[in-house]
Amino acid sequence: MFGSKKKLNDLMAQLRPDLSRESLGVGPDFPGVAPNPLLGSDARKRNAELRTGALALGVLVDWREVSSDGSPRVVLMFDVETADGISFRGVADEDLTITELTRLAPGQTFPVRYRPAVMDHYVALARDADPAHVQQLSDEIASRKRT
């Protein structure tokens with residue numbers, strides 16, 4: 001890869017200002033949205049780690065369509081709440097079906113996975129999450145908010 005990561009992030013922010021750190025609501029430590037997450041070894045490693053990460057709940061804030069070739073690639077922004085009581089803005093880079101894309105609405109709650117050891121704002125939809133475990137997590141978070 002030519003150039004530094006800073007120059008690549010600046011270029012991405014110029015090409016797609018809607019994907020800048022400010023637009024996504026994340027801090028300066030966020031590595032950024034990869035132009036093509038399938039090509040980068042760091043992105044492939046991160047995605048594999050996220051698929052087995054810790055479960056949390058994310059409330060959908062907004063989304064941006066990155067690519068519409070085949071199934072739409074979408075960047076989803078969540079307000080995430082973990083079982084440990086940590087809250088953060090999470091960003092998921094996902095391929096959705098057209099049907100899933102048309103059903104997105106701000107305020108929806110989704111199970112997501114994150115990497116507690118890294119805490120870099122990246123999350124992934126937890127499509128494989130056990131509904132009973134998700135409900136237990138939801139109850140835990142709700143009871144904590146009531147106290």
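This report describes salt bridges in the predicted model shown above.

## Basis of the values

The model is predicted, so local features need pLDDT of at least 70 and side-chain atom pairs count only at pLDDT 80 or more, whereas totals for chains, interfaces and linings use all residues. Residues are numbered from 1 along each chain as its sequence is written, and side-chain values use heavy atoms, with hydrogens and water left out.

## Count and network

A salt bridge is defined as a side-chain nitrogen of Lys or Arg within 4 Å of a carboxyl oxygen of Asp or Glu. By this rule the model contains 11 salt bridges. Lys 45, Glu 49, Arg 115 and Asp 120 are linked in a network of such bridges.

## Pairs linking separate parts of the chain

Glu 94 and Arg 51 form a salt bridge through their side chains, at 3.7 Å from N to O. Because Glu 94 belongs to strand β3 (residues 87-95) and Arg 51 to helix α3 (residues 41-51), the pair ties together parts that are 43 residues apart in sequence. Helices (H or I, at least four residues) and strands (E, at least two) are DSSP runs, numbered from the N terminus. Glu 94 is buried, at 3% relative accessible area, while Arg 51 is partly exposed, at 39%. Buried denotes under 20% relative accessible area, exposed over 50%, and partly exposed in between (1.4 Å probe, protein chains only).

A salt bridge also joins the side chains of Arg 127 and Glu 100 (2.9 Å, N to O). Arg 127 lies in the loop between β5 (123-125) and α5 (131-146), and Glu 100 in helix α4 (residues 98-102), 27 residues apart.

## The Arg 64 and Asp 62 pair

The side chains of Arg 64 and Asp 62 meet at 2.7 Å, N to O. Arg 64 is buried, with 16% relative accessible area, whereas Asp 62 is partly exposed, at 29%.
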